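Have a look at the model first, then try each task before reading its solution.

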Amino acid sequence: MLYLICFLISMVPIVELRGAIPFGIANDLNVFWLFPICIIGNMLPVPLIYFFARKVLLWGQDKKFIGKFFTWCLKKGEKGGEKLNKNGGKGPFIALMLFVGIPIPGTGAWTGTLAASFLNMGFKKSVIAVICGVLIAGIIMGAGTYAVKMGMGGIFSLMANS
């Protein structure tokens with residue numbers, strides 16, 4: 001059941017695998033199952049985002065209840081695309097991979113894929129760059145979570161032995 005929760009968390013925008021992996025590690029899930037499950041969950045929405053998100057956001061930006069949020073999403077995607085263009089130079093693939101791989105909110109697979117669609121980077125190239133970035137983010141989040149968990153365990157065991 002916890003693996004399913006991690007899978008679903010990985011699909012949520014902004015949180016993505018950056019939240020799912022720490023959740024799974026905190027719940028002592030097997031990392032060899034956790035990582036592939038979270039990566040698949042994080043990558044599953046990518047084709048839909050690439051082909052349809054921009055169209056849906058453009059359609060909804062002037063709607064009464066959803067317009068502000070859709071406009072914010074469009075601006076976020078455009079801003080991400082501009083960053084990739086500016087910082088990418090001749091290497092938008094590397095720029096997209098690093099953009100997705102930096103584990104901070106707003107730089108995940110959702111925003112990266114939306115930015116790639118704004119740049120018309122090409123589906124195959126975008127997916128490969130995004131999956132490489134997701135792998136990097138997963139490794140960083142996994143290592144960081146284990147470091148914190150081991151550090152906290154060490155602190156608590158010292159306090160218990162005092």
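**Exercise 1.** Is the crossing of H1 and H2 left-handed or right-handed? Work out how the two helices are arranged, too.

*Solution.* Keep in mind that this is a predicted model.

- Start with the geometry: helix H1 spans residues 2-11, and it packs against H2 at an angle of about 160°, with the axes 7 Å apart.
- Angles over 145 degrees count as roughly antiparallel, so that's the label for H1 and H2.
- As for the handedness, H1 and H2 cross in a right-handed way.

**Exercise 2.** Find the largest pocket and describe its lining.

*Solution.* 

- Begin with the space: the largest pocket holds about 400 Å³.
- Next, go to the middle. The lining has 20 residues, and Pro13, Phe69, Cys73, Trp110 and Leu114 are the ones closest to the pocket's centre.
- Then ask which helices each supply at least two lining residues: they are H2 (16-26), H4 (46-60), H5 (67-88) and H7 (109-119).
- H5 gives the largest share of the lining, with six residues.
- Finally, sort the lining by class: 12 residues are nonpolar, five are polar and three are charged.

**Exercise 3.** Which helix packs against H1 and also supplies at least two residues of the largest pocket's lining?

*Solution.* H2 packs against H1, and H2 is also among the helices that supply at least two lining residues.

Terms used: Residues numbered from 1 in each chain as written. Predicted model: local features only at pLDDT ≥ 70, side-chain atom pairs only at ≥ 80, totals over all residues. Heavy atoms only, no water. 1 Å grid on protein atoms, 1.4 Å probe; cavity = no way out; pocket = protein on both sides within 12 Å on 5 of 7 lines; lining within 4 Å. Points joined across faces, edges and corners; volume = space filled by probe spheres on them. Helix = DSSP H or I, 4+ residues; strand = E, 2+ residues; numbered from the N terminus. Nonpolar A, V, L, I, M, F, W, Y, C, P; charged D, E, K, R; others polar. Axes fitted to C-alpha atoms, helices over the stretch in contact; angles between N-to-C directions. Parallel < 35°, antiparallel > 145°, perpendicular 65-115°, else oblique. Left-handed = near helix turned anticlockwise from the far one by under 90°.
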